[in-house]
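Thanks for coming, everyone. Let me put the model on the screen and walk you through it.

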Amino acid sequence: YQRFHTAYSTVLYRSQAPCMMEFSLDSLHKMEKDLNTALHAITKTSKVDNVDNLNRTVLMKWNKDPLADWVEKLSKLLNSNIELCKAAASKIDKLQSEQIVNQNKLIVIQQNKLDAVQDTVKTEMQSWSDIVKKNCNTAPSVKIVKKAIKSVVDESDRNRSFIMYGVKDSENDYPSDKASELFQALDEEEGHQVLSTTRLGAFKMDTCRPIKVSFASADSVKQILSKAKLLKTVGDDLKEWRNVYLAPDRNREERLKHKQLVSARTLR
(Lines give C-alpha, C1' and ligand atoms only; values in the text may rest on other atoms or scores of the structure.)
Protein backbone atom coordinates (compact mmCIF):
# COMPACT_ATOMS: atom_id res chain seq x y z
CA TYR A 1 0.00 0.00 0.00
CA GLN A 2 2.85 2.38 0.85
CA ARG A 3 4.41 1.79 -2.59
CA PHE A 4 1.04 2.42 -4.23
CA HIS A 5 0.44 5.61 -2.25
CA THR A 6 3.90 6.98 -3.12
CA ALA A 7 3.54 6.19 -6.84
CA TYR A 8 0.08 7.79 -7.09
CA SER A 9 1.12 10.87 -5.15
CA THR A 10 3.91 11.43 -7.69
CA VAL A 11 1.57 10.93 -10.66
CA LEU A 12 -1.14 13.26 -9.32
CA TYR A 13 1.35 15.97 -8.44
CA ARG A 14 2.42 16.02 -12.09
CA SER A 15 -1.04 15.54 -13.68
CA GLN A 16 -3.44 17.82 -11.76
CA ALA A 17 -4.22 20.92 -13.81
CA PRO A 18 -6.47 23.97 -13.83
CA CYS A 19 -9.94 23.83 -15.40
CA MET A 20 -8.59 24.26 -18.91
CA MET A 21 -5.01 23.21 -19.56
CA GLU A 22 -3.13 24.11 -22.72
CA PHE A 23 -2.83 21.18 -25.11
CA SER A 24 0.47 20.15 -26.62
CA LEU A 25 2.14 16.93 -27.73
CA ASP A 26 4.32 17.08 -24.64
CA SER A 27 1.26 17.22 -22.38
CA LEU A 28 -0.26 14.29 -24.27
CA HIS A 29 2.87 12.17 -23.86
CA LYS A 30 3.08 13.20 -20.20
CA MET A 31 -0.51 12.07 -19.57
CA GLU A 32 0.20 8.75 -21.24
CA LYS A 33 3.24 8.27 -19.00
CA ASP A 34 1.27 9.19 -15.88
CA LEU A 35 -1.53 6.73 -16.70
CA ASN A 36 0.95 3.94 -17.34
CA THR A 37 2.67 4.71 -14.03
CA ALA A 38 -0.65 4.59 -12.22
CA LEU A 39 -1.69 1.30 -13.81
CA HIS A 40 1.69 -0.19 -13.00
CA ALA A 41 1.29 0.85 -9.33
CA ILE A 42 -2.20 -0.71 -9.16
CA THR A 43 -1.17 -4.02 -10.73
CA LYS A 44 1.95 -4.24 -8.57
CA THR A 45 0.04 -3.57 -5.34
CA SER A 46 -2.70 -6.02 -6.38
CA LYS A 47 -0.01 -8.61 -7.18
CA VAL A 48 -1.26 -9.28 -10.71
CA ASP A 49 0.74 -9.37 -13.96
CA ASN A 50 -1.36 -6.93 -15.94
CA VAL A 51 -4.64 -4.98 -16.00
CA ASP A 52 -6.45 -7.87 -17.71
CA ASN A 53 -6.03 -9.91 -14.50
CA LEU A 54 -7.39 -7.09 -12.34
CA ASN A 55 -10.96 -8.01 -11.35
CA ARG A 56 -13.50 -7.65 -8.55
CA THR A 57 -12.09 -10.60 -6.58
CA VAL A 58 -8.63 -9.08 -6.55
CA LEU A 59 -9.92 -5.63 -5.56
CA MET A 60 -12.02 -7.07 -2.71
CA LYS A 61 -8.79 -8.13 -0.99
CA TRP A 62 -7.91 -4.48 -0.51
CA ASN A 63 -8.71 -2.76 2.78
CA LYS A 64 -11.29 0.04 2.64
CA ASP A 65 -8.85 2.86 3.38
CA PRO A 66 -6.31 2.13 0.63
CA LEU A 67 -9.14 1.30 -1.78
CA ALA A 68 -10.85 4.65 -1.07
CA ASP A 69 -7.51 6.42 -1.44
CA TRP A 70 -7.00 4.65 -4.77
CA VAL A 71 -10.46 5.62 -6.09
CA GLU A 72 -9.94 9.26 -5.07
CA LYS A 73 -6.53 9.58 -6.70
CA LEU A 74 -7.55 7.72 -9.85
CA SER A 75 -10.65 9.93 -10.20
CA LYS A 76 -8.47 13.04 -10.09
CA LEU A 77 -6.11 11.55 -12.64
CA LEU A 78 -9.02 10.74 -14.96
CA ASN A 79 -10.37 14.27 -14.52
CA SER A 80 -7.01 15.66 -15.63
CA ASN A 81 -7.20 13.38 -18.64
CA ILE A 82 -10.68 14.71 -19.48
CA GLU A 83 -9.38 18.29 -19.28
CA LEU A 84 -6.55 17.35 -21.61
CA CYS A 85 -9.05 15.89 -24.10
CA LYS A 86 -11.08 19.13 -23.92
CA ALA A 87 -7.95 21.16 -24.59
CA ALA A 88 -7.10 18.88 -27.54
CA ALA A 89 -10.61 19.30 -28.99
CA SER A 90 -10.35 23.09 -28.60
CA LYS A 91 -6.97 23.09 -30.33
CA ILE A 92 -8.34 21.02 -33.22
CA ASP A 93 -11.33 23.38 -33.59
CA LYS A 94 -8.97 26.35 -33.68
CA LEU A 95 -6.76 24.73 -36.33
CA GLN A 96 -9.80 23.86 -38.43
CA SER A 97 -11.07 27.43 -38.19
CA GLU A 98 -7.64 28.79 -39.20
CA GLN A 99 -7.54 26.37 -42.13
CA ILE A 100 -10.97 27.52 -43.32
CA VAL A 101 -9.86 31.15 -43.09
CA ASN A 102 -6.68 30.41 -45.07
CA GLN A 103 -8.64 28.51 -47.70
CA ASN A 104 -11.05 31.43 -48.08
CA LYS A 105 -8.12 33.83 -48.46
CA LEU A 106 -6.61 31.54 -51.12
CA ILE A 107 -9.92 31.43 -53.00
CA VAL A 108 -10.09 35.25 -52.97
CA ILE A 109 -6.50 35.51 -54.24
CA GLN A 110 -7.15 33.01 -57.02
CA GLN A 111 -10.37 34.79 -57.99
CA ASN A 112 -8.53 38.12 -58.12
CA LYS A 113 -5.88 36.58 -60.38
CA LEU A 114 -8.56 35.10 -62.61
CA ASP A 115 -10.34 38.45 -62.83
CA ALA A 116 -7.05 40.13 -63.71
CA VAL A 117 -6.39 37.59 -66.48
CA GLN A 118 -9.91 38.04 -67.85
CA ASP A 119 -9.50 41.83 -67.83
CA THR A 120 -6.16 41.51 -69.65
CA VAL A 121 -7.64 39.17 -72.26
CA LYS A 122 -10.58 41.54 -72.83
CA THR A 123 -8.22 44.51 -73.18
CA GLU A 124 -5.87 42.68 -75.55
CA MET A 125 -8.77 41.37 -77.64
CA GLN A 126 -10.26 44.85 -77.87
CA SER A 127 -6.90 46.31 -78.89
CA TRP A 128 -6.42 43.57 -81.46
CA SER A 129 -9.94 44.14 -82.76
CA ASP A 130 -9.31 47.88 -83.12
CA ILE A 131 -6.12 47.23 -85.08
CA VAL A 132 -7.92 44.83 -87.41
CA LYS A 133 -10.73 47.29 -87.99
CA LYS A 134 -8.25 50.00 -88.95
CA ASN A 135 -6.39 47.76 -91.38
CA CYS A 136 -9.22 45.65 -92.80
CA ASN A 137 -12.40 46.53 -94.58
CA THR A 138 -14.31 43.73 -92.85
CA ALA A 139 -14.13 42.38 -89.31
CA PRO A 140 -12.59 38.89 -88.82
CA SER A 141 -14.96 35.95 -88.61
CA VAL A 142 -15.51 33.94 -85.43
CA LYS A 143 -13.70 31.03 -87.10
CA ILE A 144 -10.57 33.12 -87.64
CA VAL A 145 -10.61 34.40 -84.04
CA LYS A 146 -10.99 30.86 -82.69
CA LYS A 147 -8.12 29.68 -84.86
CA ALA A 148 -5.88 32.48 -83.59
CA ILE A 149 -6.73 31.72 -79.94
CA LYS A 150 -6.11 28.00 -80.48
CA SER A 151 -2.73 28.79 -81.98
CA VAL A 152 -1.75 30.81 -78.90
CA VAL A 153 -2.95 28.08 -76.53
CA ASP A 154 -1.11 25.36 -78.48
CA GLU A 155 2.08 27.42 -78.43
CA SER A 156 1.80 27.83 -74.65
CA ASP A 157 1.27 24.09 -74.26
CA ARG A 158 4.32 23.26 -76.39
CA ASN A 159 6.49 25.63 -74.35
CA ARG A 160 5.64 23.54 -71.29
CA SER A 161 6.37 20.18 -72.94
CA PHE A 162 9.22 18.18 -74.45
CA ILE A 163 9.46 14.90 -76.37
CA MET A 164 11.53 11.81 -75.51
CA TYR A 165 12.68 9.71 -78.47
CA GLY A 166 14.22 6.24 -78.31
CA VAL A 167 12.69 5.07 -75.00
CA LYS A 168 11.91 1.34 -75.03
CA ASP A 169 8.22 0.62 -75.58
CA SER A 170 5.80 -2.17 -74.62
CA GLU A 171 2.07 -2.86 -74.57
CA ASN A 172 1.95 -2.56 -70.76
CA ASP A 173 3.98 0.62 -70.73
CA TYR A 174 3.75 3.32 -68.01
CA PRO A 175 5.13 6.58 -69.47
CA SER A 176 5.11 8.25 -66.04
CA ASP A 177 7.68 5.70 -64.83
CA LYS A 178 9.90 6.58 -67.80
CA ALA A 179 9.75 10.26 -66.82
CA SER A 180 10.86 9.38 -63.27
CA GLU A 181 13.73 7.27 -64.67
CA LEU A 182 14.76 10.20 -66.86
CA PHE A 183 14.94 12.51 -63.83
CA GLN A 184 17.15 9.91 -62.12
CA ALA A 185 19.42 9.57 -65.16
CA LEU A 186 19.86 13.37 -65.25
CA ASP A 187 20.32 13.52 -61.48
CA GLU A 188 17.41 15.95 -61.48
CA GLU A 189 15.43 16.68 -58.31
CA GLU A 190 11.80 15.53 -58.46
CA GLY A 191 10.53 19.02 -57.71
CA HIS A 192 8.99 19.49 -61.12
CA GLN A 193 5.21 19.43 -61.36
CA VAL A 194 4.48 16.95 -64.15
CA LEU A 195 0.99 17.35 -65.58
CA SER A 196 0.99 14.39 -67.97
CA THR A 197 3.16 11.80 -69.72
CA THR A 198 1.79 10.28 -72.94
CA ARG A 199 3.01 7.88 -75.62
CA LEU A 200 2.35 9.34 -79.08
CA GLY A 201 0.75 7.00 -81.61
CA ALA A 202 -0.43 3.40 -81.56
CA PHE A 203 1.77 0.58 -80.24
CA LYS A 204 3.73 -1.44 -82.82
CA MET A 205 6.21 -4.23 -82.23
CA ASP A 206 9.91 -3.32 -82.48
CA THR A 207 9.21 0.41 -82.45
CA CYS A 208 9.69 3.13 -79.85
CA ARG A 209 6.82 5.58 -79.70
CA PRO A 210 7.88 9.07 -78.57
CA ILE A 211 6.79 10.20 -75.10
CA LYS A 212 5.39 13.67 -74.54
CA VAL A 213 6.02 15.05 -71.06
CA SER A 214 4.06 18.17 -70.02
CA PHE A 215 4.84 20.39 -67.03
CA ALA A 216 3.11 23.17 -65.14
CA SER A 217 6.02 25.48 -65.89
CA ALA A 218 8.07 26.19 -69.02
CA ASP A 219 11.12 26.65 -66.75
CA SER A 220 11.05 22.91 -65.97
CA VAL A 221 11.30 22.12 -69.69
CA LYS A 222 14.24 24.53 -70.16
CA GLN A 223 16.09 23.07 -67.17
CA ILE A 224 15.73 19.46 -68.30
CA LEU A 225 16.53 20.13 -71.97
CA SER A 226 19.69 21.97 -70.86
CA LYS A 227 20.85 18.68 -69.28
CA ALA A 228 19.90 16.44 -72.22
CA LYS A 229 23.53 16.02 -73.35
CA LEU A 230 24.32 14.35 -70.01
CA LEU A 231 22.41 11.25 -71.15
CA LYS A 232 25.37 10.36 -73.39
CA THR A 233 27.62 9.99 -70.33
CA VAL A 234 25.41 8.09 -67.84
CA GLY A 235 26.83 5.05 -66.05
CA ASP A 236 26.46 1.45 -67.14
CA ASP A 237 23.50 0.92 -64.81
CA LEU A 238 21.60 3.48 -66.92
CA LYS A 239 23.21 2.78 -70.30
CA GLU A 240 19.82 2.31 -72.04
CA TRP A 241 19.38 6.09 -71.68
CA ARG A 242 22.49 6.81 -73.78
CA ASN A 243 20.39 6.32 -76.92
CA VAL A 244 17.51 8.51 -75.75
CA TYR A 245 17.08 11.92 -77.39
CA LEU A 246 15.19 14.87 -75.88
CA ALA A 247 13.68 17.58 -78.04
CA PRO A 248 11.34 20.57 -77.65
CA ASP A 249 7.70 20.01 -78.51
CA ARG A 250 7.71 21.60 -81.99
CA ASN A 251 4.77 22.19 -84.32
CA ARG A 252 4.75 20.75 -87.84
CA GLU A 253 6.41 23.77 -89.44
CA GLU A 254 9.14 23.89 -86.78
CA ARG A 255 9.82 20.15 -87.17
CA LEU A 256 10.25 20.57 -90.92
CA LYS A 257 12.69 23.47 -90.48
CA HIS A 258 14.65 21.52 -87.87
CA LYS A 259 14.84 18.50 -90.17
CA GLN A 260 16.18 20.70 -92.99
CA LEU A 261 18.84 22.18 -90.69
CA VAL A 262 19.96 18.74 -89.55
CA SER A 263 20.13 17.55 -93.16
CA ALA A 264 22.18 20.60 -94.13
CA ARG A 265 24.65 20.01 -91.31
CA THR A 266 24.98 16.34 -92.30
CA LEU A 267 25.90 17.25 -95.87
CA ARG A 268 28.68 19.61 -94.75
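Let's start with a side-chain pair: aspartate 173 makes a polar contact with the side chain of arginine 199, through its own side chain, at 2.6 Å. By polar contact I mean a pair of N or O atoms within 3.5 Å; within protein, one must be able to donate a hydrogen and the other to accept it, and residues adjacent in sequence count only if both atoms are side-chain atoms.

Before I go on, this is a predicted model, where local features need pLDDT of at least 70, side-chain atom pairs count only at pLDDT 80 or more, and totals for chains, interfaces and linings use all residues. Residues are numbered from 1 along each chain as its sequence is written, and side-chain values use heavy atoms, with hydrogens and water left out.

Where does aspartate 173 sit? You'll find aspartate 173 in the loop between strand 1 (161–165) and helix 6 (175–185). Helices (H or I, at least four residues) and strands (E, at least two) are DSSP runs, numbered from the N terminus. Aspartate 173 counts as buried because its relative accessibility is 16%; the cut-offs are under 20% relative accessible area for buried, over 50% for exposed, and partly exposed in between, with a 1.4 Å probe and protein chains only. Leaving aside neighbours within four places in sequence, aspartate 173 is in contact (heavy atoms within 4.5 Å) with Lys168, Lys178 and Arg199.

Now follow arginine 199 into the sheet: its bridge partner in strand 3 is isoleucine 211. Strand 2 and strand 3 (residues 211–215) pair in the antiparallel sense over 5 bridges, and pairing requires at least two bridges found by DSSP. The whole sheet is open, with 4 strands in the order 2-3-1-4 and antiparallel pairing. Strand 2 (194–199) and strand 4 (245–248) stand at the edges with a single partner strand each, so one side of each has no neighbour in the sheet.

What packs on this sheet? Helix 6 does, touching strand 1, strand 2, strand 3 and strand 4.

Last stop, the nonpolar core. The largest one has 19 residues, and Phe162, Leu182 and Trp241 are among those with the most contacts inside it. Such a core is a set of buried Ala, Val, Leu, Ile, Met, Phe, Trp, Tyr and Cys residues joined through side-chain atoms within 4.5 Å. Strand 1, helix 6, strand 3 and helix 7 (218–225) are the elements giving two or more residues to this core.

Happy to take questions!

Terms used. Axes fitted to C-alpha atoms, helices over the stretch in contact; angles between N-to-C directions.
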